[in-house]
Amino acid sequence: MASNTKYIFITGGVTSSLGKGIIAASLGKLLQARGFKVTIQKFDPYLNIDPGTLNPYEHGECYVTDDGAETDLDLGHYERFLNIPTSQDNNITTGRIYNNVITKERKGEFLGKTVQVIPHITDEIKANFYKLGEEGKFDVVITEIGGCVGDIESLPFIEAVRQAKWDLGANNFLVIHLTLIPYLKAAKELKTKPTQHSVKQLLEAGIQPDILVCRTEHHLPSEVKKKLALFCNVQLNSVIEAMDADSIYDVPLLMKKEKLDERVMTKLKLSSKENTDLENWKDFLGKLKNPTQEVNIGLIGKYISLPDAYKSIIEAFTHAGASIECEVNLRLISSEEINSENIIQKFTDLDGIVVAPGFGERGFEGKIETVKYARENNIPFLGICLGMQVAVIEYARNVLKLKTANSTEMDADTPDPVIALMEEQKNIDQMGGTMRLGSYACDLKKGSKAFQAYGKSKIHERHRHRYEFNNEYLTRMEEGGLVATGKNPETGLVEIVEVKGHPWFVGVQFHPEYKSTVLTPQPLFVKFIQAAIDKKIK
């Protein structure tokens, strides 16, 4: 174990969805701005090996890293805030922990011993806690423990955190507990009892939190802070108020004002390398809050009742919009509700249209209608993953007159499979095994919209899909006006398509939104918003 790495653990209590990921990312940002090398990891208490097979309604979007790991959406926050890539090692689930231990047991690595939760499961959890720290690349490793203290699923993780203190030593170990201070309208009072109970549960598990971060809708008066400090056994200046913010990107500055980074540095005996450099961040916030123009963009998908299903796309629009001082009003529209009769009424005031990624045929025909409308009415269009495949199918049907053209995902027997599985994928039966996952290279055609956006001829973008553009149709498509402007250099697979003569019509097989961050907005999103502004001005 790298002795000079400091470890911060973030637990949550009272209720889930308090924003541990945002607090982790904000603290990471503040420490990074002081010159420390920081990484963040998420430990999830569910039994899925990864979130790859989870329905987005259950868990929000599945985020993908450069190395092809399907992870929790909090890793997206970590990357967007810290501007550094994460990996397979940054997201661990109970399923992965048990899988590793059972695999070792089957190989005989425990030499016939009885395999138990303690020490075998907890040792495996701890090994994963320390893994990133042992690389020697980071000064601080922040670990977010998913779920709530007291959940039966998270007990082994909490026990592993307790043991970690003794492995690491008091100056290298810190626990931040994120909790809720509810306001009772009838009594006109902020209530500390839920937090007291939550901390009591942590204490019963053998962990004393060092810092309390209290989510609240109202400012915490000093007597409430004193009460929390007294009953929860923490110093008064370690009770941190986390008020609801207008934007998640305000949180680092709010936490700085509350001196969260200073408390952490004092307790971990970290001496700051430099003054906090947050100028770029403040610039971004200034532009975000003071736009000079606005556009209406329709995001067409089938999981729209849970916006977290499109988290990275929504955030990519925030970054790209702010970079050109444009407010993007995203309207989420269900593709299941779109048909040729109502489309004009639904889309009248849109300046641009995005067709979102997804799997399966629910809402598919609505997406076809959407693409047709954008193409025929010269509305700026961006198709992402399935959105690009829909664009190809729509073009084949309505321009090339291949009326039954389809993807073999939607119709296995289609006579014109313009989107299909590659040969080497056809015999794999495990759902995760057939995916093209992670970062792949793409060569761009000079002069194309994509080339103009990126300003270079070779890019690397992240993928998460099973079906590909069928190259047997490439010549016919290109002769008909749908041009492949980006290809994978090794396989020749089509990555980007554009419609000739359209003001801005781009479909991409990859997920550009995964690499968008506050400090490096995604170029395709920037150019797409610019195209929407240009259309509006006309």
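Biologist: What makes the pair of Tyr 63 and Tyr 514 edge-to-face?

Modeller: The ring centres are 5.1 Å apart and the planes stand at 70°. Pairing needs centres within 6.5 Å, and edge-to-face needs planes over 60 degrees apart, so Tyr 63 and Tyr 514 meet both conditions.

Biologist: Where in the chain do the two partners, Tyr 63 and Tyr 514, sit?

Modeller: Tyr 63 belongs to strand 3 (residues 63-64), while Tyr 514 is in the loop between strand 23 (505-508) and helix 18 (523-537). They are 451 residues apart, so the pair links distant parts of the chain. Both Tyr 63 and Tyr 514 are buried.

Biologist: Which residues do ring pairs link into a cluster?

Modeller: Phe 9, Phe 43, Phe 129, Phe 157 and Phe 173.

Biologist: How do you know that the charged end of Arg 436 sits over the ring of Tyr 440?

Modeller: The charged end of Arg 436 is 4.9 Å from the ring centre of Tyr 440. The distance limit is 6 Å, with a condition on direction as well. Lys 165 likewise lies over the face of Trp 166, at 5.8 Å from the ring centre.

Biologist: Why is Asn 233 called exposed?

Modeller: Its relative accessibility is 54%. Exposed means over 50%, so Asn 233 qualifies. Lys 188 is another residue other than glycine with a positive phi, near 50°. Its relative accessible area is 64%, so Lys 188 also counts as exposed.

Biologist: Why does Glu 159 count as buried?

Modeller: Glu 159 has a relative accessible area of 15%. Buried means under 20%, so the label holds for Glu 159. Glu 159 is in helix 6 (residues 155-168), and beyond its neighbours within four places in sequence it contacts Ile 118, Thr 122 and Ala 205.

Biologist: What is the form of the peptide bond from Ile 118 to Pro 119?

Modeller: That bond is cis, with omega near 15°. Pro 119 lies in helix 5 (residues 117-134).

Biologist: What puts the buried residues of helix 11 on the same side?

Modeller: In helix 11 (residues 279-289) the buried residues in question are Trp 281, Phe 284 and Leu 285. Their arc around the axis is only 95°, which puts them on the same side of helix 11. The buried residues of helix 11 pack against helix 1, helix 3 (74-82), helix 9 (251-257) and helix 12 (311-323).

Biologist: How many residues are in the largest nonpolar core, and which have the most contacts inside it?

Modeller: The largest nonpolar core has 46 residues, and Ile 8, Leu 31, Ile 142, Ile 176, Val 213, Leu 260 and Val 264 have the most contacts inside it. Helix 1 (residues 20-33) gives the most to this core, with eight residues. Another core, of 39 residues, lies apart from it, with Val 371, Tyr 373, Ala 405 and Ile 419 among its members.

Biologist: Where is the confidence lowest and where is it highest?

Modeller: Helix 2 (residues 56-59) is lowest, at a mean of 68, and strand 23 is highest, at 97. The mean pLDDT of the chain is 91, and 96% of the residues reach 70 or more.

Biologist: Over which residues does pLDDT stay under 50?

Modeller: Residues 427-432, for which the model has three contacts beyond four places in sequence. Where pLDDT is low, the predicted coordinates should not be read in detail.

Methods
Residues are numbered from 1 along each chain as its sequence is written. This is a predicted model: local features need pLDDT of at least 70, side-chain atom pairs count only at pLDDT 80 or more; totals for chains, interfaces and linings use all residues. Side-chain values use heavy atoms; hydrogens and water are left out. Rings of Phe, Tyr and Trp (its six-membered ring) pair if their centres lie within 6.5 Å; planes under 30 degrees apart count as stacked, over 60 as edge-to-face and the rest as tilted. Helices (H or I, at least four residues) and strands (E, at least two) are DSSP runs, numbered from the N terminus. Buried means under 20% relative accessible area, exposed over 50%, partly exposed in between (1.4 Å probe, protein chains only). A charge sits over a ring if NZ of Lys or CZ of Arg is within 6 Å of the ring centre and within 35 degrees of the ring normal. pLDDT is the predictor's confidence in each residue, from 0 to 100. Contact means heavy atoms within 4.5 Å. A nonpolar core is a set of buried Ala, Val, Leu, Ile, Met, Phe, Trp, Tyr and Cys residues joined through side-chain atoms within 4.5 Å. The arc is that of the directions from the helix axis to the C-beta atoms.
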